[in-house]
Amino acid sequence: ALFVDASYGLNTGAVPGSLMSAAQNPLSHKYQTITAAKNAASSGDLIVVFPGDYDEVFANIYKNGVSYYFYPGATAKVSITPTSAGHACYIYGYGNFIGDISCCMLTTIGSYLYFQLNNIDAVRNTFLVQDGIADIYINNLHSQDQGAVQIGDSDPASDGTNDIKIHVVNVRSFGASPGLGSTINISSGTNGYDGKFLLTSEDIKGSPNSSSPTIHIDNYLVPNNRSRITINCPSIRPGTLSDITPVIVYESTNNTIVEVNGNIIMPGSNRKGITSSGDNAGAKFTFNGSIIADNNFAVDIAGSNNNIKLNGEFQSDFTRTINLNTATSVPSTITLNGEVINTQAGGNGIEKIKSLTDGCSLVIDTLKIVCDGVSINAPALDTVKVIHSLACNTDTLPTIGAINSITGSVAYFDAGVE
């Protein structure tokens, strides 16, 4: 192994000014900088970094076949950027990284990175994900500007081989850049992210300094490319409560399967939970969890070519809980499963869906609606498909007009009776 010690290490050997070789570097004789150890290391070597501050001017410490172990208390101003296909690097331990523009840039097709550390704090993106394969385990990801995780602009030649997995306890953005302050930003650039991406976290929180959504999904892919994006998080929160920017924005995404498993928590907020807009041809969006909104819709769906499934509990104290306003003359399917609750006096459950016509459909799969007003307000809806059951606990029976077909059982209940 090669050892690095900021306080007691040396970067010169017996001959002044010469770098030590691995053989000259026993535990009693350490390097002073990570960069010096990296330059001396060969594939298969382990570099052990002792506690201390390492200001390496954000040097790239990635080296093919080299592994690092960072002791607790080791803080390094470095970057990690794979440079060649087929190369691999492994980082272990409990240290902290401080990044410049991006601490970790995954931009090389066929490269591999294993990354396990305590904290990463970057000026901009902690992770810029475009191409490659990575397994990442971090306690805290913090970005001071723009997003903590920026995904997109893959090389079309990657052909779906990218596979990035990030497991992190807490993700935060403090960015103030308009439109770029989302904590998780899945944005296309020239071409969207092509491949698999998995983010698992205990808590994702938006920036307190930006009106950007906490999660922004705008993944445009060239034809024949495919992407699967999965986000698992029990707590997805806005950074501020006063503005009306949605917590999750899903727009103009194609050829991408998106699945979000978690809960959107925003007590006292003016924000919407999830919004959809733009042309989402060839894409599929699934949300499994709960959304509790106070002063806005829990879900607001617009745009065209939507294939959206909402499974869970959706609650609001606004005029309506779910607002469906998909564009006319373009096929879309919205599937609801679970419970829709509206707690405002006279508030409706599902409304503004009269434009769901010309091949568009609202599919209800075992849904319960609890509200004081109209459970489903769709005076011109022509395709409501009730697959299993629709239970409406409301003092106003469902207003559903011009229904072509209803399959399965439909049960209506008086207010206060289940």
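Here is a short chat about the predicted model shown above.

Student: What does the secondary structure of the chain come to?
Tutor: This predicted model has 1 helix and 30 strands.

Student: How much of the chain counts as buried?
Tutor: Of its 418 residues, 54% count as buried.

Student: And what share of the contacts is between residues 24 or more positions apart?
Tutor: Such pairs make up 61% of the contacts with a separation of 6 or more.

Student: What about the accessible surface of the chain?
Tutor: The accessible surface is about 15,600 Å². Carbon and sulfur atoms hold 53% of that surface.

Student: New topic. How many disulfides are there?
Tutor: The count is 0. Take Cys89: the nearest cysteine sulfur belongs to Cys104, 9.8 Å away. A disulfide needs the two sulfurs within 2.5 Å, so Cys89 is in none.

Student: Is Cys89 buried or exposed?
Tutor: Cys89 is buried, at a relative accessible area of 0%. Cys233 also counts as buried, with 2% relative accessibility.

Student: Rings next. How many aromatic pairs does a search of the whole structure find?
Tutor: The search finds 14. One of them is Phe50 with Tyr71. The centres of these two rings are 5.2 Å apart, with 20° between the planes, and the pair is stacked.

Student: Where do Phe50 and Tyr71 lie?
Tutor: Phe50 is in the loop between strands S2 and S3, and Tyr71 is in the loop between strands S4 and S5. They are 21 residues apart in sequence, so the pair ties those parts together. Phe50 is buried at 17%, while Tyr71 is partly exposed at 33%.

Student: Why is the pair of Phe287 and Phe314 tilted?
Tutor: The planes of Phe287 and Phe314 meet at 50°, so the pair counts as tilted. Their centres are 6.2 Å apart. Phe287 is in strand S19 and Phe314 in strand S21, 27 residues apart. Both residues are buried.

Student: Back to Phe50. What sits over its ring?
Tutor: The charged end of Lys30 does, 5.6 Å from the ring centre.

Student: Which residues form one aromatic cluster?
Tutor: Tyr68, Phe70, Phe97, Phe115 and Phe127.

Student: Last one, backbone angles. What is phi of Phe58?
Tutor: Phi of Phe58 is near 60°, a positive value in a residue other than glycine. Most residues other than glycine have a negative phi. Phe58 is in strand S3 and is partly exposed at 27%.

Student: And where is Asn255 found?
Tutor: Asn255 is in the loop between strands S16 and S17. Its phi is near 55°, a positive value. Asn255 counts as buried, at 14% relative accessibility.

Methods: Residues are numbered from 1 along each chain as its sequence is written. This is a predicted model: local features need pLDDT of at least 70, side-chain atom pairs count only at pLDDT 80 or more; totals for chains, interfaces and linings use all residues. Side-chain values use heavy atoms; hydrogens and water are left out. Buried means under 20% relative accessible area, exposed over 50%, partly exposed in between (1.4 Å probe, protein chains only). Helices (H or I, at least four residues) and strands (E, at least two) are DSSP runs, numbered from the N terminus. Contact means heavy atoms within 4.5 Å. Accessible areas come from the Shrake-Rupley method with a 1.4 Å probe; for residues, only the protein chains shown count as cover. Rings of Phe, Tyr and Trp (its six-membered ring) pair if their centres lie within 6.5 Å; planes under 30 degrees apart count as stacked, over 60 as edge-to-face and the rest as tilted. A charge sits over a ring if NZ of Lys or CZ of Arg is within 6 Å of the ring centre and within 35 degrees of the ring normal.
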